[in-house]
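Subject: Structure handover

Hello,

Here is the structure we talked about. My notes follow below it.

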Amino acid sequence: MSDSIREQRLQEIAELRAQGVNPYPHEFERTHTTDKILETFAYLQPEQTLESETVHCAGRVIAIRDHGKSAFFVISDYYGKIQVYIRQAGVGEEAYSFFKKHINVGDYAGIVGFPFRSKTGELTIYTQQIQLLTKTVRPLPEKWHGIKDKEVIYRQRYVDLIANDESMKRFKVRFEALKLIREFMNNRQFVEVETPMLQYILGGASARPFVTRMNAYDIDLYLRIAPELYLKRLIVGGFDRVYEINRNFRNEGVSYKHSPEFTMMECYQAYADYEDMMELTESLMSSVVKKMFGTYLLTYQGVEINFEPPWERIPMIDFINRHLQMDVDSSSDAQLLDYLKQRGQEPELTDRGHLIEALWDLVEDKVVQPVFIIDHPIEISPLAKKHRSKAGLTERFELIIYGREMANAFSELNDPVDQRERFEGQVKLRESGDEEAQMMDMDFVRALEYGMPPTGGLGIGIDRFIMFLSDAPSIRDVIAFPLVRPEMVYQEYDEEGEE
RNA sequence: GGGCCGUUAGCUCAAUCGGUAGAGCAACUGACUCUUAAUCAGUAGGUUACAGGUUCGAUUCCUGUACGGCUCACCA
């Protein structure tokens, strides 16, 4: 049978129970984690023992080197790993033969012993007592190569985390970075808030939604594509600085940089504009990089990226002019459209703003180092305030790193009449078949009519930021449980149910 | 959704031109009281993803399906 090792273990577990041994005991009193042992007894010299100290440590057995009447094995916990020495003379014949028979690689064990340093210089625990803490049923992947099958890596992340140190390290980086981001925002007097995930009017972004059903009210709801309009309602209500770190859901194609559910941080700051948000963005991201690595430089997929602020700021039109050797402002719409057609681009919407956006798409991948692309056309920025001095443009920026959009921000539109007109423009686009155009949100307009102070808003794609921090090639590598097609596990369950 | 590629033992990988499917690790039995991917001797483990087809004979060639990867389109 393909599950023969599993069958053996299940049988062994039954035998242990018959002998009165609990293969899943309830507790183990741990005095030392592995890193604490290594740190506390680092001073021991080779062959020096410290019988006066007793340590209780526990972890998963990840290697056993058996020498007959003695053995070395290695246990691993969240903090690291440590070698353990066990000999028949040290624990007695009965305990030693239990160890040899019933403690396998993969099992959890608790050890009581004292520290010493081996002949070859490795700090080791000399076992006085050993206890089986959890019997493992399935064998672990091979210790040397780990697990390489992408399907297992994404579908059974727990196996990936057990077997692949780099993967564990990557998620430690993710959750450490999230902690640092929250600390930064809290230090700047931002309040962490929560807004609806289930919404009946989509807003805050342009994307196709997931639809779900609420039985009690007998209505369809959308999983949110962005929290933006609710966060701004909090500013209307009197909150001064708010942020939310949470999931957005977009029913779009999946790729190495797109996941159907992804984590976004959005924040809003009263009395701030998009220039303040640029300062916030570069301070936040650069300080996280600095705190984690001790330097502003990091290497992503072999390319060095420098997060040291300040970052270059360049108007979108200037960037297009620079890289396409053209002059957008002195070109007519027809000339811009011709240029795009020559490049094989056929934009669906041909207003000036969408033409400029299509040109931008041609040059976006020219960006490697962090750059703020600023002052976007009004047609593609329905929630951003008109530019204070440049007609047809808004006070908006996108942060681009390595050709990827990392953040999007603007001086928030707080004029209710203007906002209503923008929504109406979006509704027209929607009616003419643009599925990604935004919906009219009359309650949001009503909120603005009660008055929102001048406000700067910002959204940062957290997963993409973590990709840089952990040198991950795919967004799936930084999401612990990325969405994968359903697996036929129920078949296995049914088979067992009949046994 | 389109195109290209992949799926062999629990894990990592072999298998010539279409000719009995192998190795290392893990498992099991045995030897070994300071090892570092411990070592040594032996045993067992396979519907070659699934369903068809071609053939005397298919892991190998063909078709379809499932799952995955890359890529294009859409999006952040």
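A phosphate oxygen of RNA strand B sits 2.7 Å from an N or O atom in the side chain of Lys143 (polar contacts are N or O pairs within 3.5 Å). Glu405 has a polar side-chain atom 2.5 Å from a sugar or linking oxygen of RNA strand B. For Arg9, the distance from a side-chain N or O atom to such an oxygen is 3.4 Å.

This is a predicted model: local features need pLDDT of at least 70, side-chain atom pairs need 80 or more, and totals for chains, interfaces and linings use all residues. Residues are numbered from 1 along each chain, chains are lettered from A and ligands numbered from 1 as written, and side-chain values use heavy atoms, without hydrogens and water.

Of the RNA atoms within 4 Å of the protein, 56% belong to sugar or phosphate.

Helix H1: the buried residues are Arg6, Arg9, Glu12, Ile13 and Leu16 (buried is under 20% relative accessible area, exposed over 50%, partly exposed in between, with a 1.4 Å probe and protein chains only; helices are DSSP runs of H or I, at least four residues). They lie on the same side of H1, because their arc around the axis is only 120° (taken from axis-to-C-beta directions). Exposed Gln11 and Ala18 are on the face turned away.

Best wishes

Technical notes
Helices (H or I, at least four residues) and strands (E, at least two) are DSSP runs, numbered from the N terminus. A residue is near a molecule or strand if one of its heavy atoms lies within 4 Å of it. A polar contact is a pair of N or O atoms within 3.5 Å; within protein, one must be able to donate a hydrogen and the other to accept it, and residues adjacent in sequence count only if both atoms are side-chain atoms.
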